[in-house]
Amino acid sequence: MNKYMFIILMSIHFGSFGQQKVFKGDPDNAFKVARDLAFNKQRKESQDSLLLILTKYPDYHDIRSFLASTYSWDGHYKKAKEAFNYVLKKSPDRLDTWKAAIKNELWSAAPYSALEMVKKALTHFPENSEILYLKASAEDASNNPEEALATIKTILKNDSKHEKAIAYKASLTTKLSLNTIGLKASVDLYSQVFDPMQFYLIKYARATKYGSIHTKINFNRRFQSNGVQFEVDMYPRIVNGLYAYLNFGVANSFLFPDVRYGAELYKSLPKSFEASLGFRALKFSSTTTIYTGSIGWYQKNNYWAFRAYVTPGEPKASKSGTLSFRKYRRDVNNYFSVDVGAGFSPEENRFNFGGNEDAIINLQSQKFNLGYYFSSKNNHNLWGAQAGIAHQEISFNPGTYFWIYSFSLSWDLLFK
């Protein structure tokens, strides 16, 4: 049957119910039609129909439980909770209703209420793996990841092949690994003009309740010279949905800015969007301030982001930008990435500024990078590989370009 004809017929069918104060008809058939309406984006019509059936059959628990679920899907968590409680009070042996009711509490950001429901559910379904999994989710959401991990281990003790529990255990292990040490090695190969340039990084990071702190030592060999830079990055949490990025670095080599610093605010937005606004400052012979902002969007296992840089100057401001895409696999540590960009980025150290900051920042370039990142089964070891190509204007010969081929490998070790 044509989809649109189906919807019209369903609407006509329930339109007749709208004239009734009490339901008259076959409740099973009417329930089936109401379910079809709900799954065909006719949620309001479905809910009206379910309520009408309940005027005649108030204890048809499948109908009331499904009605509660539709409320929960639509974000009407209080109405959903009332309907779920009605069913569970009369029929506490309904496992599916307990699961849906607990999820409703989690979705409404009420993890402590969810835990109370879990305790009641476990009295009827002791050691049920699905209820225990929701218990772990509620413990995690109430800032008790250690308890969540213990609960997940209980599930795996009874069912060592529980796939969701295995994945969640890896995620919680990562969350509880507050310390990270990491290494990264990169090389840039040039089609002409320069010898290969080498980049090395060693870092130590610590996660705290206020946010994470990253200390880094950057070593570069470029232009037949060696240089070292010391950096600190901080990501303080301000309030829920708002955090900051702070950066400070110092060096005593012309290969790096003498001092670099920056700050940026990140804000979560509706519809899985995130936006940021900040600046980077690089001090060579003079200080250059670069303003930056980004917009990101999470779409299921995909993440899209665009970052722009604007540097005021004469005769006009310099502009650059990068579009990034990530395809996540089982968690945030496992993904494939693509970056496409144009213009100067303050995050890269490829130039001998030597007092030519304004000219270098206005150089033209285009880049394309591919990356692949993966973790060990226990999420303690993280690896990454990246390859890229850039078409870069030569700083001492504007209008002339060369190619840069970049390769990098990274390794991080997470531990408590």
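Author: Let's go through pockets and cavities, then salt bridges, then strands. This is a predicted model, so local features need pLDDT of at least 70 and side-chain atom pairs count only at pLDDT 80 or more, while totals for chains, interfaces and linings use all residues. Residues are numbered from 1 along each chain as its sequence is written, and side-chain values use heavy atoms, with hydrogens and water left out.

Reader: OK, what volume does the second largest pocket have?

Author: About 230 Å³. A pocket here is an open set of points on a 1 Å grid over the protein atoms alone, with protein on both sides within 12 Å along at least five of seven lines. The volume is the space filled by probe spheres set on the points, which are joined across faces, edges and corners.

Reader: How many cavities turn up?

Author: The search of the whole structure gives 3 of 30 Å³ or more. A cavity is a set of points where a 1.4 Å probe fits but cannot get out. The second largest cavity has a volume of about 50 Å³, and its lining includes Tyr309, Phe344 and Lys367. Strand S10 (318-328) provides the largest share of that lining, 3 residues.

Reader: Switching topic: how many salt bridges are there?

Author: There are 16 in the whole structure. That term means a side-chain nitrogen of Lys or Arg within 4 Å of a carboxyl oxygen of Asp or Glu. One of them joins arginine 94 to aspartate 62, with the closest N and O atoms 2.8 Å apart. Arginine 94 sits in the loop between helix H5 (77-90) and H6, and aspartate 62 is in helix H4, 32 residues away.

Reader: What about lysine 119, which residue does it bridge to?

Author: Glutamate 116, at 3.6 Å between the closest N and O atoms. Both belong to helix H7 (residues 111-124), 3 residues apart, about one turn of the helix. Lysine 119 is exposed at 53% relative accessible area, whereas glutamate 116 is partly exposed at 44%. Buried is under 20% relative accessible area, exposed is over 50%, and partly exposed is in between, with a 1.4 Å probe and protein chains only.

Reader: Is glutamate 264 buried or exposed?

Author: Glutamate 264 is buried, and so is arginine 307. These two form a salt bridge with closest N and O atoms 2.9 Å apart. Glutamate 264 is in strand S6 (residues 259-269) and arginine 307 in strand S9 (residues 302-311), so the pair ties together parts 43 residues apart in sequence.

Reader: And what does S6 pair with?

Author: Strand S5 (residues 242-251) pairs with S6 in the antiparallel sense over 9 bridges; pairing requires DSSP to find at least two bridges between two strands. S6 also runs antiparallel to strand S7 (residues 273-283), joined by 11 bridges.

Reader: What lies between S6 and S7?

Author: They form a hairpin with 3 residues between them, and lysine 271 in the turn has a positive phi of about 65 degrees.

Definitions and conventions: On a 1 Å grid over the protein atoms alone, a cavity is a set of points where a 1.4 Å probe fits but cannot get out, and a pocket is an open set with protein on both sides within 12 Å along at least five of seven lines; lining residues have an atom within 4 Å of a point. Helices (H or I, at least four residues) and strands (E, at least two) are DSSP runs, numbered from the N terminus.
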